[in-house]
Amino acid sequence: MSNSQTLHKHFSSYQHGIRHNQTQFLHQLLQVFMVGLTLGMMRTVIPALAESEFGVPKGSFMLLMTFVVAFGFVKGTLNFVAGRLSERMGRKTVLLLGWVSALPIPLMILYAPSWNWIVAATVLLGVNQGFTWSMTQTSKLDITRADQRGLTIGLNEFSGYVGVAIAGIITGYMAQAFGAREGLLIFGMVVITLAIAITLFWVKETLPWAKAEGARLKAGTLFALNPRYPTNIADNPTTWEVFTLMSWRDKRMAAISQAGLVEKFVDALIWVFYPVFLYQHGLNLANIGWIVGVYGFVWGGSQFITGKLSDHIGRHKPIILGMWICGAGVGMMLMGEGVLWWSISAAVTGFGMALLYPNLSAAVADIAHPNWRGSAIGIYRFWRDLGYGIGALALGIVANYSGAITSGFWLVTIAMLISGLIVLIWGEETHPRINPAH
């Protein structure tokens, strides 16, 4: 019996597919929902009350953006680290480390004497999100089939961003009822301690499923599909090999990585500039929470459909259309007034994001070999979440230079249109059943 056949037999008990792994799949969805709740608790109250509660001087756009800059660079780097660590330590251990790192965040907000403490808390949030969100996504891809990746990523991001939206609304009300700091403390501690308990007692290690897939590929017993893996990389590549492949050596991966980076400009804008913009127009925290929540709900809810859709029509067209629709929604925000108009604009932005977001990740998974998929996802997420930092820096500079917060909205709109054009020119269909190889 050959080595590949021996490995195939060894991993024969690890079956792939959502139905075969239903319980664990649901646990992972619950995990990413709580990851979204943790991120969402920082997205309504903190930026809206930056001046009155945490002492950020009026008009200090660069100082205001520092916490998102810190978050983006830390989360991007930790995504990269998480991918490599998970192939050595396992997915569950990295997930648990991510949750433990979040424990001090609510206490730091409660006792924050200045904006610097908020920036420090956001650094820990970046560690938490880099480890936990990466692992929930990677674990689901480990246990599902290649023809379920669009649906898998769609459900993952649906759960996460519905969590972000719900947290934004709930914390808005809790801040009004208990005070900003106390409301965030109660919400944050409940979510984080519950997540740690569930991880410890119910989440399974999924790395053996990835190894089983690799063994079946090697033995030639996996599916009739023909993924177009890059050929200019070793079977067990170094970190540098995967990094250069994702960043520039494979044009398809480079197109995906740059789109991921640019689309995070939108999220940085919505995180900080939307609450400030709406607060300046006289809206209270609850209404701000609802408008930002519309973006999150439409983004999260639509991914349930757009991820599954891409399993049938492919990833390429939804990504390009999504980049352009999302950018247009950002520009619409400035073309009207009132809660209804701003909510519609937020919904358009959210729908565009739903078209592109799960399909960028699914495209990476389509053409990344299971032997180094965890690293590839980590590096894609590194570039993507670096977009928070780069986008926040650019937004702060443009707003400071122009003296107007609205200039940031136009910057993001133009960047999204150009990035979508790059995907159109450099990218191609990656779905293993309908890609150009067939």
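Modeller: The answer below begins with the domains, moves to their interface, and then turns to individual residues and salt bridges.

The model is predicted. The domain assignment of the protein chain gives two parts, namely domain 1 (16-211) and domain 2 (237-437). Their centres, taken over C-alpha atoms, are separated by 18 Å. To the contact between them, domain 1 contributes 53 residues and domain 2 contributes 66 residues.

The size of an interface is often expressed as the accessible area that is lost when the parts come together. Between domain 1 and domain 2, the buried area is about 5200 Å², and carbon and sulfur atoms give 68% of this area. Arg43, Phe61 and Tyr161 supply 13% of the area that domain 1 buries against domain 2, which is more than any other three residues supply.

Polar interactions also cross this interface. The rule finds 2 salt bridges between domain 1 and domain 2, as well as 17 residue pairs in polar contact. On the side of domain 1 that touches domain 2, the helices α3 (45-48), α5 (61-89), α8 and α9 (149-178) each supply at least two residues. The largest share, 18 residues, comes from α5.

Leaving aside neighbours within four places in sequence, glycine 83 is in contact with Gly374, Ser375 and Gly378. Glycine 83 and arginine 381 are 298 residues apart in sequence, yet their C-alpha atoms are 9.2 Å apart in space. A salt bridge of 2.9 Å, N to O, is formed by the side chains of lysine 75 and aspartate 385.

Helix α8 spans residues 115-143 and includes alanine 120. With a relative accessible area of 34%, alanine 120 is partly exposed. Alanine 120 lies 15 residues from isoleucine 105 in sequence, and the C-alpha atoms of the two are 8.8 Å apart. Aspartate 142 forms a salt bridge with arginine 91 through their side chains, at 2.7 Å from N to O. This pair links distant parts of the chain, since arginine 91 is in helix α6 (residues 91-102) and aspartate 142 is in helix α8, 51 residues apart. Both arginine 91 and aspartate 142 are buried.

Another salt bridge joins arginine 149 and aspartate 366, whose closest N and O atoms are 3.9 Å apart. Arginine 149 lies in helix α9 and aspartate 366 in helix α16 (residues 339-367), so this pair ties together parts that are 217 residues apart in sequence. Arginine 149 is buried, with a relative accessible area of 2%, and aspartate 366 is also buried, at 0%.

Within domain 2, the side chains of aspartate 250 and arginine 252 meet in a salt bridge of 2.9 Å, N to O. Aspartate 250 is buried at 8% relative accessibility, and arginine 252 is buried at 12%. Salt bridges that share partners join Arg149, Glu213, Asp311, Arg315, Asp366 and Arg373 into one network.

Conventions
Residues numbered from 1 in each chain as written. Predicted model: local features only at pLDDT ≥ 70, side-chain atom pairs only at ≥ 80, totals over all residues. Heavy atoms only, no water. Helix = DSSP H or I, 4+ residues; strand = E, 2+ residues; numbered from the N terminus. Buried < 20%, exposed > 50% of the residue type's maximum accessible area, 1.4 Å probe, protein only. Domains from an automatic or database assignment. Contact = heavy atoms within 4.5 Å. Buried area = accessible area lost by both parts, 1.4 Å probe. Salt bridge = Lys/Arg side-chain N within 4 Å of Asp/Glu carboxyl O. Polar contact = N/O pair within 3.5 Å; in protein donor to acceptor, adjacent residues only side chain to side chain.
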